[in-house]
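User: I am new to this structure and would like to learn how to read its side-chain contacts. Please take me through them one feature at a time.

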Amino acid sequence: MITSISENKVLEKIKKQDMNAVIDWFTTRQSKFYKLGWSYLKNHQDVEDVFHNTIMKVHAKIGQLKEDRSFESWVTSIFINECRAIYRKRKPSEMEFSQDMGAASHFQAELEMLDDLDRLDEKYREMIMLRYLQGYSQKEIATIFKLPVGTVKSRIYRGLLMLRKIIEGGDADEV
């Protein structure tokens, strides 16, 4: 959500199709979006492609934005759709972890959690990733996916139940 005067100024520049403003906006949120892209693709080059494609689409389609306050949700929706498009093009056997990432224990712990999340159905995995890994509110997630808040809440709850079952050594389908 757009919350400050400086963010409003950046959005005004973006709306005037200032490519540098789009790039600057993404640069300030690079870590957040990188984690989101990594959770889908687990490949550095693919995530970079998603960044590039999303920046180009935001620049080209900024006129389609209906409300300024939903800019970040709109961009996140584009970013997720780009991740999905690349994910669908790849076979699961092609999904390998990039070796150019550091082997920090915190990052490895996140990767293990992402492996467990990968076992969930996409509709549950996405809700959990956005809520708990990216910090979006349930209302923001509902806006991104154009769903009722109640649906988002139930998918998060059901997804967490399935994730718990997976972590405990069971199968998500048993929930």
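User: Over the face of which residue does arginine 131 lie?

Analyst: The general idea is to ask whether a charged group is placed over an aromatic ring. In this model, which is predicted, arginine 131 lies over the face of tyrosine 132, at 5.7 Å from the ring centre. Another case is lysine 32, whose charged end sits over the ring of tyrosine 136, 4.2 Å from its centre.

User: How many aromatic pairs does the structure hold, and how do I read one?

Analyst: The structure holds 9 aromatic pairs. To read a pair, take the distance between ring centres and the angle between planes; an angle under 30 degrees counts as stacked, over 60 as edge-to-face, and the rest as tilted. For tryptophan 25 and phenylalanine 33 the centres are 5.9 Å apart and the planes are at 55°, so this pair is tilted. Tryptophan 25 and phenylalanine 33 are both buried.

User: What is the arrangement of tyrosine 34 and tryptophan 38?

Analyst: That aromatic pair is stacked, with 6.1 Å from centre to centre and 20° between the planes. Both residues lie in helix H3, 4 residues apart, which is about one turn of the helix. Tyrosine 34 counts as buried at 13% relative accessibility, and tryptophan 38 counts as buried at 2%.

User: Which residues form one aromatic cluster?

Analyst: One aromatic cluster is formed by Trp25, Phe26, Phe33, Phe51, Phe71, Trp74 and Phe79.

User: Which partner does lysine 57 meet in a salt bridge?

Analyst: The side chain of lysine 57 meets that of glutamate 82, at 2.5 Å from N to O. Lysine 57 lies in helix H4 and glutamate 82 in helix H5, so the pair ties together parts that are 25 residues apart in sequence. Lysine 57 is partly exposed, with a relative accessible area of 33%, whereas glutamate 82 counts as buried at 9%.

User: With which residue does arginine 84 form a salt bridge?

Analyst: Its partner is glutamate 122, and the closest N and O atoms are 3.1 Å apart. Arginine 84 counts as buried at 17% relative accessibility, while glutamate 122 is partly exposed at 28%. Elsewhere, salt bridges that share partners join Glu7, Arg29, Lys32 and Glu72 into one network.

User: Is lysine 42 buried or exposed?

Analyst: Here the general idea is to compare the accessible area with a cut-off: buried means under 20%. Lysine 42 has a relative accessible area of 4%, so this residue is buried. The place of lysine 42 is the loop between helix H3 and helix H4. A polar atom of the lysine 42 side chain lies 3.2 Å from the backbone oxygen of serine 39. Lysine 42 and aspartate 115 are 73 residues apart in sequence, and 10.0 Å apart in space, C-alpha to C-alpha.

Conventions: Residues are numbered from 1 along each chain as its sequence is written. This is a predicted model: local features need pLDDT of at least 70, side-chain atom pairs count only at pLDDT 80 or more; totals for chains, interfaces and linings use all residues. Side-chain values use heavy atoms; hydrogens and water are left out. Helices (H or I, at least four residues) and strands (E, at least two) are DSSP runs, numbered from the N terminus. Buried means under 20% relative accessible area, exposed over 50%, partly exposed in between (1.4 Å probe, protein chains only). A polar contact is a pair of N or O atoms within 3.5 Å; within protein, one must be able to donate a hydrogen and the other to accept it, and residues adjacent in sequence count only if both atoms are side-chain atoms. A salt bridge is a side-chain nitrogen of Lys or Arg within 4 Å of a carboxyl oxygen of Asp or Glu. Rings of Phe, Tyr and Trp (its six-membered ring) pair if their centres lie within 6.5 Å; planes under 30 degrees apart count as stacked, over 60 as edge-to-face and the rest as tilted. A charge sits over a ring if NZ of Lys or CZ of Arg is within 6 Å of the ring centre and within 35 degrees of the ring normal.
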